[in-house]
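Visitor: I am new to reading protein models. Could you walk me through some features, starting with contacts?

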Amino acid sequence: DRMSMHRTLCGRPALQLCRMFSSRSLPTLTLFTKDPCPLCDEAKELLQSFKHRFILQQVDISLPENRQWWDKYKWDIPVFHLNGQYLMKHGVDAALLDKLLQDIEKKNM
C-alpha cells in the first residue's frame, strides 16, 4: 500500500529520494513580489541554493485579487512567509531560513 511504500522510501537512508517524490513533506515559502522588483530578483537568486528544500509560491501583490497584500506589503517587498507564517522582509536572511528549514526537516524525519 501507499503508506508502507512511503515509510520504506522515507527511512533515513532514502531521505533524499523521499523528498524528490513527496512534495507534501516540503514546506512552502511564499514570496510576495511585483514586477518590476529588483530586490525580489536579488532575493530569488539568493534562494537558489535552498530551492530543493521548499516549494516556492510567488504572489504578485499588484494583481487586483491580491489587494490585501498590496495594502500590507507595498513598501516592504520582498516579503516571505514560511508555511503561511511571516518570516522576513526586504531580503533573504539565509542563516534564519536555513535554521528554520533544518527544524522542519528534523520534524519530518
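Guide: Happy to! Contact means that heavy atoms lie within 4.5 Å. This is a predicted model, where local features need pLDDT of at least 70 and side-chain atom pairs count only at pLDDT 80 or more, while totals for chains, interfaces and linings use all residues. Residues are numbered from 1 along each chain as its sequence is written, and side-chain values use heavy atoms, with hydrogens and water left out.

Visitor: Which residues does Phe 50 touch, not counting residues up to four places away in sequence?

Guide: Phe 50 touches Ala 94, Leu 97, Asp 98 and Leu 101.

Visitor: Where is the place of Phe 50?

Guide: Elements first: helices (H or I, at least four residues) and strands (E, at least two) are DSSP runs, numbered from the N terminus. Phe 50 has its place in the loop between helix 3 (38-47) and strand 2 (55-60).

Visitor: Does Phe 50 count as buried or exposed?

Guide: Buried means under 20% relative accessible area, exposed over 50%, and partly exposed in between, using a 1.4 Å probe and protein chains only. At 8% relative accessibility, Phe 50 counts as buried.

Visitor: How many residues does helix 5 have, and what does it reach from its first C-alpha to its last?

Guide: The expected span of a helix is 1.5 Å times one less than its number of residues. Helix 5 (residues 94-107) has 14 residues and reaches 20 Å, close to the 20 Å expected.

Visitor: Which are the buried residues of helix 5?

Guide: They are Leu 97, Leu 101, Ile 104 and Glu 105. Seen down the axis of helix 5, these buried residues fall within an arc of 100° (taken from the directions from the helix axis to the C-beta atoms), so they line one face of the helix. On the other side of helix 5, Ala 95, Lys 106 and Lys 107 are exposed.

Visitor: Now to charges. How many salt bridges does a search of the whole structure find?

Guide: Side chains of opposite charge can pair when their charged atoms come close. A salt bridge is a side-chain nitrogen of Lys or Arg within 4 Å of a carboxyl oxygen of Asp or Glu. The search finds 6 salt bridges.

Visitor: Which residues are linked with Arg 53 in a network of salt bridges?

Guide: Asp 98 and Glu 105 are linked with Arg 53 in that network. Asp 98 forms a salt bridge with Arg 53, and their closest N and O atoms are 2.7 Å apart. This pair links distant parts of the chain, as Asp 98 is in helix 5 and Arg 53 in the loop between helix 3 and strand 2, 45 residues apart. Glu 105 also forms a salt bridge with Arg 53, again with the closest N and O atoms 2.7 Å apart. Glu 105 lies in helix 5 and Arg 53 in the loop, so this pair ties together parts that are 52 residues apart in sequence. As for burial, Arg 53 is buried at 13%, Glu 105 is buried at 16%, and Asp 98 is partly exposed at 25%.

Visitor: What about Asp 71 and Arg 67, which are 4 residues apart in helix 4?

Guide: Asp 71 and Arg 67 are separated by about one helical turn. They form a salt bridge, the closest N and O atoms being 3.0 Å apart. Asp 71 counts as partly exposed at 45%, while Arg 67 counts as exposed at 52%.

Visitor: How many aromatic pairs are found in the whole structure?

Guide: A pair of aromatic rings is described by the distance of the centres and the angle of the planes. Rings of Phe, Tyr and Trp (its six-membered ring) pair if their centres lie within 6.5 Å; planes under 30 degrees apart count as stacked, over 60 as edge-to-face and the rest as tilted. The search finds 3 aromatic pairs. One of them is the tilted pair of Phe 32 and Trp 69, at 4.6 Å centre to centre and 45° between the planes. Phe 32 lies in strand 1 (residues 28-33) and Trp 69 in helix 4 (residues 67-73), so the pair ties together parts that are 37 residues apart in sequence. Phe 32 and Tyr 73 form a tilted pair too, at 5.3 Å centre to centre with 55° between the planes. Ring pairs link Phe 32, Trp 69 and Tyr 73 into a cluster.
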